[in-house]
Amino acid sequence: LAEFYRKQGDFEKAEPLYVRSLQIREDVFGKEHPKVASSLNNLAGLFYSTGDHARAELYYLRAIRIKEKVLGPDNPQVAQTLNNLAELYRKMSYFSQAEPLLERSLEIKKKAYGLEHPSVATALNNLAGLYYGKGEYEKAEPFYQKSLEIWQKSLGPNHPNIQVSLNNLANLYRKMGKNDKAEPLIARLNELKEQNPQSASK
């Protein structure tokens, strides 16, 4: 129910429901349980949405600590919350704090899923986005390229993620003044949008 209200943008109704869910899970499972970590992660996401960055950081850190202790430091669920915290830091322009979290998340996913998994591509894309935000375009380029390559191999050439990746890489090339590299990507992106207009509008 909290998720429903959050997706509707009704954060005032969502928050007490998330809090109650967390309290019940703590009572039933104890304070150090993956379900408690999940509730903490959800609350952190709500605080992220409302701009309460301090509380979002606190809840993400608590969720990470529980997951590391109970599931192990290399569990993919740890990587998920590391990504969430990194996104918060990136929004706050705390790039130096976000980068090691994204790097660690990438390594966890490589170890858990192998080098050619879509989740690895997502982690590479996230790192590339961080470097792009910092203006480190040369550093971002190979990460965007590799994420596109993995997504095309694992998800097929027409998956919505391919549009995201093509757009990211094209924007990067335009920032770098490499319009000759951007143009074919934009042409391919327009083709995909024509083939699947619903995904293009999302």
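This is a predicted model: local features need pLDDT of at least 70, side-chain atom pairs count only at pLDDT 80 or more; totals for chains, interfaces and linings use all residues.

Me: Where is Ser93 found?
Reply: Ser93 sits in the loop between H5 and H6.

Me: And what is the phi of Ser93?
Reply: Ser93 has a positive phi of about 65 degrees, although it is not a glycine. Most residues other than glycine have a negative phi.

Me: Which residue follows H3, and what is its phi?
Reply: H3 is followed by Gly51, and the phi of Gly51 is positive, near 85 degrees.

Me: Let us turn to the whole chain. How many helices and strands are there?
Reply: The protein chain has 11 helices and zero strands. Its C-alpha trace spans about 60 × 35 × 30 Å along the principal axes.

Me: What share of the residues is buried?
Reply: Of the 202 residues in the protein chain, 37% are buried. The accessible surface comes to about 10,600 Å², and carbon and sulfur atoms account for 50% of that surface.

Me: Back to the helices. Which residues of H5 are buried?
Reply: They are Val78, Ala79, Thr81, Leu82, Asn83, Leu85, Ala86, Leu88 and Tyr89. These buried residues pack against H3, H4, H6 and helix H7 (118-134).

Me: Why does the length of H5 agree with what a helix should span?
Reply: At 1.5 Å a residue, the 16 residues of H5 should span 22 Å, and the end C-alpha atoms are 23 Å apart, so the two values agree.

Me: What does Asn83 touch, apart from its neighbours in sequence?
Reply: Leaving aside residues within four places in sequence, Asn83 is in contact with Leu102, Ser105, Lys109 and Asn126. Asn83 counts as buried because its relative accessible area is 12%, and the cut-off is under 20%.

Me: Is Ser105 buried or exposed?
Reply: Ser105 is buried, with a relative accessible area of 0%. Ser105 belongs to helix H6 (residues 95-113). Beyond four places in sequence, Ser105 is in contact with Ala79, Leu82 and Asn83.

Me: How far apart are the C-alpha atoms of Ser105 and Asn126?
Reply: Those C-alpha atoms are separated by 10.0 Å, and the two residues are 21 residues apart along the chain.

Me: Now H3. What covers its buried residues?
Reply: The cover includes helix H1 (2-7), helix H2 (11-29), helix H4 (53-71) and H5. Among the buried residues of H3 are Val36, Leu40, Leu43 and Phe47.

Me: How many residues are in the largest nonpolar core?
Reply: The largest nonpolar core has 54 residues, and those with the most contacts inside it are Leu40, Leu43, Tyr59, Tyr60, Leu85, Leu166 and Leu169. In soluble globular proteins, nonpolar side chains tend to be buried together.

Me: What does Leu166 touch?
Reply: Not counting residues up to four places away in sequence, Leu166 touches Leu148, Leu185, Arg188, Leu189 and Leu192.

Me: One last topic: how many positive and negative side chains are there?
Reply: The protein chain has 29 positive and 24 negative side chains, and the centres of the two sets lie 3 Å apart.

Methods
Residues are numbered from 1 along each chain as its sequence is written. Side-chain values use heavy atoms; hydrogens and water are left out. Helices (H or I, at least four residues) and strands (E, at least two) are DSSP runs, numbered from the N terminus. Buried means under 20% relative accessible area, exposed over 50%, partly exposed in between (1.4 Å probe, protein chains only). Accessible areas come from the Shrake-Rupley method with a 1.4 Å probe; for residues, only the protein chains shown count as cover. Lys and Arg count as positive and Asp and Glu as negative; His and the chain ends are not counted. The place of a charge is taken as NZ of Lys, CZ of Arg, CG of Asp or CD of Glu. Contact means heavy atoms within 4.5 Å. A nonpolar core is a set of buried Ala, Val, Leu, Ile, Met, Phe, Trp, Tyr and Cys residues joined through side-chain atoms within 4.5 Å. The expected span of a helix is 1.5 Å times one less than its number of residues.
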